[in-house]
Amino acid sequence: MQKTEQLIYKLRDTHSLTTEEYETLITHRTPESAGLLAAFALVQKQQIYGNDIYVRGLIEVSNICRNDCLYCGIRGSNKNCDRYRLTGEDILECCAEGYELGFRTFVMQGGEDGTFSDAFLTDLIREIKNRYPDCAVTLSLGERSRDSYAALKEAGADRYLLRHETADKSHYEKLHPANLSWDNRMRCLRDLKELGYQTGCGFMVGSPYQTDAMLAKDLKFVETFRPDMCGIGPFIPHKDTPFRDHPAGSVELTLYLLSILRLIHPPLLLPATTALGTLAENGREKGILAGANVVMPNLSPSAVRRKYMLYDNKLSDGAESAQALETLRKRMESIGCTVVVARGDIKK
Ligand code: 5AD
């Protein structure tokens, strides 16, 4: 048996490899190893989630950001970004429309917009939970203090998504300005988990300076941190960032990593991300067939959608939009999956 094949069986049976073994699995991948990993990933997903695909309505609440991450199109210093911020009312309208469409999770995602105070957010979260007690509220608003995370949790937030971006500290420092620290990122993730949030981390595939050894560290991090969700997508350059000339990440490698993540922690919620859908024809379907089980269509008001440009050509309409849920349903059915109306909590 080939080395990679042995590692795949080991991963399937023990849900764990050493960091070096993850690296070998990545570096020596072949179409055959990808096929075997995907087949095992689908078996494990099927055993836990059947054919169900969970959907979340993504509300991009603000593209105003105090940070200046080198890869991101809404980085604070990008003068060409047309800034907006939704009001509480706007957000509640998105929820109303989303509920009608069948969404039972609302994800409020945004840049680190200083005006989103705890008071504003706790009022809003309470109002959403009041109106839609059967829905989960997910926040994705970046780094905040432990006290802030605690207050938002107390108000009813169920989940928090904060990608770790890279598990390698020196790599983190190459992707972020000096005022952002990997240690604080990790502190946030630990706090979120301790406070009882269903917690999501994640990373980009093919970000500048990334090596296979770093991706192996990301996988080991997921194995040990045990998040409830892990969002991964290919890096895509944005024309107004320092990484504008850097090539986009690989779709094939992203799919390969999705299969590995499914085997590391079979119940993991794994989204087929917008970045994957942007870079590949039928990218989301490919993600699902590699082991993903979540899609997050865009529920933002159409007037602001094109302004939340994290990277060039980011999809926001077509099957990517929440309004096209019927299209998404059909596309999922064409690959044997069913979009379900449910909160879609992790099955432990
Ligand atoms: N390409 C791909 N993903 C990106 N993100 C930000 N900028 C890019 C880009 N250029 C991802 C980051 C962030 C999430 C909201 O979007 O991982 O955490």
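Biologist: How far is the sulfur of Cys 69 from the closest cysteine sulfur?

Modeller: A disulfide is a covalent bond between the sulfur atoms of two cysteines. Here we count one when two cysteine sulfur atoms lie within 2.5 Å. The closest sulfur to that of Cys 69 belongs to Cys 72 and is 6.2 Å away, so the two are too far apart for a bond. Cys 81 is in no disulfide either, as its nearest cysteine sulfur, again in Cys 72, is 8.5 Å off. The count is zero disulfides. A word on the source: this is a predicted model, where local features need pLDDT of at least 70 and side-chain atom pairs pLDDT 80 or more, while totals for chains, interfaces and linings use all residues. Residues are numbered from 1 along each chain as its sequence is written, and side-chain values use heavy atoms, without hydrogens or water.

Biologist: Is Cys 69 buried or exposed?

Modeller: Buried means under 20% relative accessible area, exposed over 50%, and partly exposed in between, using a 1.4 Å probe and protein chains only. Cys 69 is buried at 13%, and Cys 81 is buried, with a value of 13%.
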